[in-house]
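Student: Can you walk me through this fold? Start with the sheet, then the helices.

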Amino acid sequence: MIRILVADDHLVFRLGLKTLLGTESDMCIAGEANSGPSTVDVYRRLRPDVTLLDLRMPGGGGIQAIREIHAVDAAARILVLSSYASEEEVYSAMQAGASGYVLKDVDQLELIAAIRKTHAGQRYLPIELAELVAERAPRQELTPREHEVLQLIARGLINREIAQILGMSESTVRNHTIHLFAKLDVSDRTEAATFALQRGIITL
């Protein structure tokens, strides 16, 4: 029996998954979670065979949950089940330790196959998502502070406003901006925001 933890902040979606997976004789729902932190807590307590995980949840989200679960159990088998498949999210999920990634509009047969492959220790990534990750241009990762600055730039804030929000000097904000421009290989704020939103590095 494959014991599954369903982690998604939408109750109706969790109920739908329970109904769908309940038709499989070799699968059962071991537990549910509705946020990043609760997913980690439930995983610690139940140690499911497979975790079905949404990336965009409250409390730090799915990427952080993947990292924390792997800190608890390096052999954890986590299948991301998301409505979104941006280049950055797919790449970051797989880098964090996800076993696979499928979209929520996947048909029942493919989802069941993905769960069984994940349980068997195999990597599951549909060809279009595998190509997306393969095409990702290598670049330096942004620091948490650079990510915060970029998020505020995308909201249209100027350096003075960003400095006030983050509690730092304008010159420090300017330095972070220069560094993140170099890492993203962009030349101005508009290009940085557009690039980051298109790749899923940030969301609004």
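Predicted model: local features only at pLDDT ≥ 70, side-chain atom pairs only at ≥ 80, totals over all residues.

Tutor: Five strands form an open sheet in the order β2-β1-β3-β4-β5, with parallel pairing. Two strands pair if DSSP finds at least two bridges between them. Helices (H or I, at least four residues) and strands (E, at least two) are DSSP runs, numbered from the N terminus.

Student: Which are the edge strands?

Tutor: β2 and β5 (100-103), each of which pairs on one side only. On average, neighbouring strands of this sheet are turned by 25° against each other, direction ignored. Axes are lines fitted to C-alpha atoms, for helices over the stretch in contact, and angles run from 0 to 180 degrees between N-to-C directions.

Student: How many bridges join β1 to β2?

Tutor: Six, and the two strands run parallel. V6 has E32 in β2 as its bridge partner.

Student: Which residues of α2 are buried?

Tutor: In helix α2 (residues 36-46) they are G36, S38, T39, V40, V42 and Y43. Buried means under 20% relative accessible area, exposed over 50%, partly exposed in between (1.4 Å probe, protein chains only). Their cover includes β1 (2-7), β2 (27-33), β3 (50-53) and α3 (61-72), where contact means heavy atoms within 4.5 Å.

Student: And what follows α2?

Tutor: R47, with a positive phi near 45°.

Student: Switching to α7 and α9, at what angle do they cross?

Tutor: Roughly 90°, with the axes of helix α7 (residues 144-154) and α9 coming within 9 Å. That makes α7 roughly perpendicular to α9; angles under 35 degrees count as roughly parallel, over 145 as roughly antiparallel, 65 to 115 as roughly perpendicular and the rest as oblique. On the α7 side the contact residues include V149, L150 and I153, and on the α9 side V173 and L180 are among them.

Student: How does α9 sit against α10?

Tutor: The axes of helix α9 (residues 170-184) and helix α10 (residues 189-199) come within 11 Å and cross at roughly 55°, so α9 is oblique to α10. T177, L180, F181 and L184 in α9 meet R189, A192 and F195 in α10.

Notes: Residues numbered from 1 in each chain as written. Heavy atoms only, no water.
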